[in-house]
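Morning, everyone. I'd like to walk through some aromatic rings and then a ligand site. Here is the model.

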Amino acid sequence: MNYLETDIRYCKGIGEKKALLFNKLGVFTVRDLVSYFPRKYEDRSSFKPIALTCDGETVCINALAAEDAHLVRIRRGLELVKFRVVDESGSVDITFFNQPYIKNNIHRGDSLNIYGKIIAVGGKRTMTNPVIEREGAVGGVTGRIVPVYGLTTGLSQKIVMSAVRQALDACASDLPEVLPESLRKKYKLAQTGYAYENIHFPASFEDLELARRRLVFEELFLLACALGRMKGSHAKQSGILMHGQNIEEFFSSLPFIPTGAQRRAVADAVRDMQSGMAMNRLVQGDVGSGKTLVAAALIWYVWKNGHTSAFMAPTEILAEQHFETLSAFLAPFGLRIGKLTGSMTAKQKREVKAELAAGELDLVIGTHALFSEDVEYSDLALVITDEQHRFGVNQRSSLISKGEKPHVLVMSATPIPRTLALIIYGDLDISVIDEMPPGRQKVDTFAVTESYRTRLNGFIRKLVSEGRQVFVVCPMIEENEELPPNVKSAQEHAAELQKYFPDLRVACVHGKLRAKEKNDIMSTFVAGDIDILVSTTVIEVGVDVPNAALMIVENADRFGLSQLHQLRGRVGRGEHKSYCVLVSDSDNEATRARLKIMTKTNDGFKISEEDLKLRGPGDFFGSRQHGLPAMHIADLCSDMSVLQTAQQAAQELLLSDPELSAPEHAQLKTAVERLFTLNADALN
Ligand code: ADP
Ligand code: MG
């Protein structure tokens with residue numbers, strides 16, 4: 001067996017107990033251990049003369065002990081060890097708390113490396129509990145750049161560092177070079193052994209940079225190869241063959257003219273479905289760009305070809321709304337349309353299922369209930385999932401498995417920078433709807449503090465008296481979360497508003513309501529019979545209420561920018577001038593800067609780029625729902641240029657050797673396949 005796969009509990013100095021702690025960090029094998037990269041580094045590489053150190057500075061000094069360490073007992077249970085050290089420029093008084101054994105280790109004349117924080121008061125310098133080493137000690141943590149690892153209770157920096165050190169020493173010769181030499185030369189990338197050594201124990205910051213660049217490249221390159229191969233294998237799957245239809249017949253039935261971007265997306269998908277191969281396409285478009293219409297056109301097209309489509313929405317409310325919208329578009333043509341959601345009665349569900357199994361429906365719209373085990377489709381040819389970032393990737397595939405290689409269209413309103421989309425949806429072809437329907441107005445956005453409350457209430461009053469409706473969104477409060485001061489729950493806030501506006505109709509939707517109750521309230525709001533709708537983010541995606549002209553977000557600092565952008569997209573969908581007010585009392589500079597971005601642009605792509613920059617990709621996507629394997633080292637934001645290079649390199653390589661069967665690609669192939677098996681679920 002490859003030494004890299006050895007369980008760390010068999011490593012020298014680790015053992016059963018510590019192994020369990022390492023497991024908590026995701027480290028199981030020697031390979032994991034050497035791939036457990038430092039979180040950051042401390043520069044302890046140069047020593048500073050004592051006289052040049054300032055108060056509060058964390059520094060490395062090299063000094064002589066001017067006296068033997070001695071014990072000072074302050075009171076019972078509190079013992080100090082004290083001694084003074086000197087260099088040519090000055091002196092520092094060192095104190096250790098509760099480590100009496102140090103007394104025996106330090107003697108007058110010892111030459112020491114000391115790392116710690118200087119406290120300078122009135123020309124007198126002191127250090128408390130510094131890191132102390134004899135000059136020239138092996139495996140030292142002073143006089144060099146020192147790695148800082150993420151830890152867990154029970155594991156210290158020292159333990160992790162020495163475990164990594166031992167692992168590196170033991171496996172140096174086993175580390176495979178997965179990058180073909182020609183590639184390494186072309187892109188000037190360091191060798192594996194050097195890279196692993198210097199990412200943990202860099203000889204200098206230049207070495208660290210070289211090591212990092214190589215490892216980032218490797219990670220992104222492997223991912224690009226894996227996704228590229230997957231896309232290749234998808235493309236080879238044959239699909240249900242469709243034939244040309246006059247799509248203008250559908251377009252001309254609409255109350256408006258489709259945008260060029262909508263037409264392009266439809267044409268892309270139609271081309272896929274006429275190719276004889278299975279379509280696997282992402283339609284990405286900002287909120288309000290009109291994705292539903294694209295879906296409708298394709299459902300129409302598939303129906304014309306005599307087949308059935310399924311449309312999956314992330315929530316009941318959305319399923320309901322899509323059912324209404326799509327019915328309006330399609331029923332005039334005679335399509336038979338059904339609905340299947342969790343909140344329907346058993347009898348209703350049974351009926352729809354029977355119709356589906358008998359092939360009596362041309363379109364079914366629903367939530368994840370669509371792929372329950374007992375749902376059978378007689379002829380499922382097109383699967384559309386809306387707002388896919390809300391679905392696990394597995395859910396998508398279980399719906400797909402209901403048909404005989406149906407065509408798949410994924411619609412996403414998360415505008416992500418194109419490079420990132422290429423990675424995340426590497427297995428899908430992408431159509432971007434980069435054009436808004438005409439006449440769409442900019443939503444004026446304001447970031448305000450609590451002091452604006454009275455004026456804000458006045459503004460609500462004014463808009464409602466003009467006949468408009470208002471959304472108010474409060475952050476979702478988790479049940480186990482202690483309510484931070486100033487954070488309002490939707491219910492409380494709704495009660496306050498009702499008190500303030502006794503004559504207005506205020507309602508509240510929140511996560512704890514049953515689907516049926518939520519639906520009822522939403523339909524009442526859509527019908528115009530509620531003036532102010534207070535909610536948690538259940539309305540985040542999709543709902544369309546053209547008469548709503550004001551979106552207020554309370555505690556706006558608790559939302560991500562992309563989320564705020566989605567929320568803002570709920571207004572400005574009709575002919576009325578619309579507004580978005582972000583209320584936050586946070587005086588954190590970064591937070592205010594974030595909210596300010598919202599007031600400056602309505603461009604979802606620009607906002608998501610800023611969001612990505614500010615929050616990093618991990619937070620950006622929340623959990624790993626995007627289906628990307630966790631990145632060990634690459635930071636998808638700042639490593640964007642490496643990402644592009646790696647992607648290009650992967651494409652070129654796969655073009656010349658699609659199966660990675662060349663002998664010089666053997667290691668690469670193994671690594672790519674490992675990525676596949678590790679992430680079989682995520683990448684599917
Ligand atoms: P999203 O991409 O956010 O799902 P929708 O499909 O809900 O957007 O469309 C937003 C609104 O724009 C809807 O009210 C829809 O009827 C309208 N719409 C879509 N396409 C056009 C168009 N080409 N011209 C005018 N209005 C359009
Ligand atoms: Mg939508």
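Trp 300 counts as buried, because its relative accessibility is 0%; buried means under 20% relative accessible area, exposed over 50%, and partly exposed in between, with a 1.4 Å probe and protein chains only. Phe 250 is buried too, also at 0%.

A word on the source. This is a predicted model, where local features need pLDDT of at least 70 and side-chain atom pairs count only at pLDDT 80 or more, while totals for chains, interfaces and linings use all residues. Residues are numbered from 1 along each chain as its sequence is written, chains are lettered from A and ligands numbered from 1 in the order in which they are written, and side-chain values use heavy atoms, with hydrogens and water left out.

Now the rings. There are 13 aromatic pairs in the structure. Rings of Phe, Tyr and Trp (its six-membered ring) pair if their centres lie within 6.5 Å; planes under 30 degrees apart are stacked, over 60 edge-to-face, and the rest tilted. Phe 250 and Trp 300 make a tilted pair, because their planes meet at 40°, with centres 6.0 Å apart. That pair joins distant parts of the chain: Phe 250 is in helix H7 (residues 248-251) and Trp 300 in helix H9 (residues 291-304), 50 residues apart. Helices (H or I, at least four residues) and strands (E, at least two) are DSSP runs, numbered from the N terminus.

Next pair. Phe 471 and Phe 525 have ring centres 5.0 Å apart and planes at 50°, so they are tilted.

On to the ligand. How many residues surround ligand 1? The count is 17, and the closest are Ile 257, Gly 288, Lys 291, Thr 292 and Asp 544. Near means a heavy atom within 4 Å. Helix H9 gives the most to this shell, with three residues.

Look at the side chains. A polar atom of Thr 292 lies 2.6 Å from a ligand 1 oxygen. For Lys 291, the distance to an oxygen of ligand 1 is 2.8 Å. Gln 262 places a polar side-chain atom 2.9 Å from a nitrogen of ligand 1. Taken alone, ligand 1 exposes 570 Å², and the protein buries 85% of that; these areas come from the Shrake-Rupley method with a 1.4 Å probe.

Terms used
A polar contact is a pair of N or O atoms within 3.5 Å; within protein, one must be able to donate a hydrogen and the other to accept it, and residues adjacent in sequence count only if both atoms are side-chain atoms.
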